[in-house]
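Please consult the sequence and the structure while reading.

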Amino acid sequence: MTYAFCYHFQLEDPLIQLKEDYKWIDVFDFHWRLGIDGLSLGSILLTGFITTLATLAAWPITRNSRLFYFLVLTMYSGQIILFSSRDLLLFFIMWELELIPVYLLLSMCGGGRLYSATKFILYTAGGSIFFLIGVLGMGLYGSNEPGLDLERLINQSYPATLEILLYFGFHIAYAIKLPIIPLHTWLRDTHGEAHYSTCMLLAGILLKMGAYGLIRINMELLPHAHYLFSPWLVIIGAIQIIYAASTSLGQRNFKKRIAYSSVSHMGFIIIGIGSITNIGLNGAIL
């Protein structure tokens, strides 16, 4: 269904396509806004591909099979909406919606998985507090009527100090989701305890949500702060590549080794985003 939907996307058109815009909260004039561009198209196709592979890898599920497939499809739906969201509030809601199915998928079998699932929820929920503060700051600044339309926010300017604070708040949430060292320990534990299909969803899609948010929100909406932080992103990415790759070699648990290799790979994406060049950004997206 995802591939059929994206078939109607015109690659030569640089504008937002396949738009939807419905008013859904009258009090604050918030809208259900969806649209796809070149950046979101790749993430949507990747989500459909990885979810299909993870579903096949999980077959046959002998315990709570209906719950498992329901959680996978809920996670998939939230990710598709997040990658196509054109409203910052909708983006945040889908960002948080991911916590529920992932937590339940991780804790389905009990034992050590409950510990890793709880650690995941505490890390990501803590980062979401900073995300919510950033969303409210953007929506309420400079306007009597709050609005979180990305088309409007991209033309909004902020005082230098406020823009840096907003950037840093969003970045904390992304640093946990990517993850960026030293906020990566939840991924090691969840990979070590989770089912192989859940590991595929975590490494293949969930981590990419952090990179997508870093480009879509921080880079597009807060360009001046991104310019200031970009050298640090390159340094952090380089350290992450070396540290995670070296640590993965010492892991006896194969799934933990995959977790550290994923952290190392995300370092390349962080460097590409921090490079502020077309080649670097295209490499990060690919």
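## Terms and basis

Ala, Val, Leu, Ile, Met, Phe, Trp, Tyr, Cys and Pro count as nonpolar, Asp, Glu, Lys and Arg as charged, and the others, Gly among them, as polar. The model is predicted: local features need pLDDT of at least 70, side-chain atom pairs count only at pLDDT 80 or more, and totals for chains, interfaces and linings use all residues. Residues are numbered from 1 along each chain as its sequence is written, and side-chain values use heavy atoms, with hydrogens and water left out.

## The cavity

A cavity is a set of points, on a 1 Å grid over the protein atoms alone, where a 1.4 Å probe fits but cannot get out; its lining residues have an atom within 4 Å of a point. The whole structure holds 1 cavity of 30 Å³ or more. The largest cavity has a volume of about 40 Å³, a volume being the space filled by probe spheres set on the points, which are joined across faces, edges and corners.

Its lining consists of Trp95, Thr124, Gly127, Ser128, Ala173, Ile176 and Lys177. By class, this lining has 3 nonpolar, 3 polar and 1 charged residues. At least two lining residues come from each of helix H6 (112-140) and helix H8 (160-177); helices are DSSP runs (H or I, at least four residues), numbered from the N terminus.

## Two cis peptide bonds

The peptide bond from Leu178 to Pro179 is cis, with omega near -10 degrees. Pro179 belongs to the loop between H8 and helix H9 (185-193). Pro182 also lies in the loop between H8 and H9, and the bond from Ile181 to Pro182 is cis, with omega near 10 degrees.

Note on methods
On a 1 Å grid over the protein atoms alone, a cavity is a set of points where a 1.4 Å probe fits but cannot get out, and a pocket is an open set with protein on both sides within 12 Å along at least five of seven lines; lining residues have an atom within 4 Å of a point.
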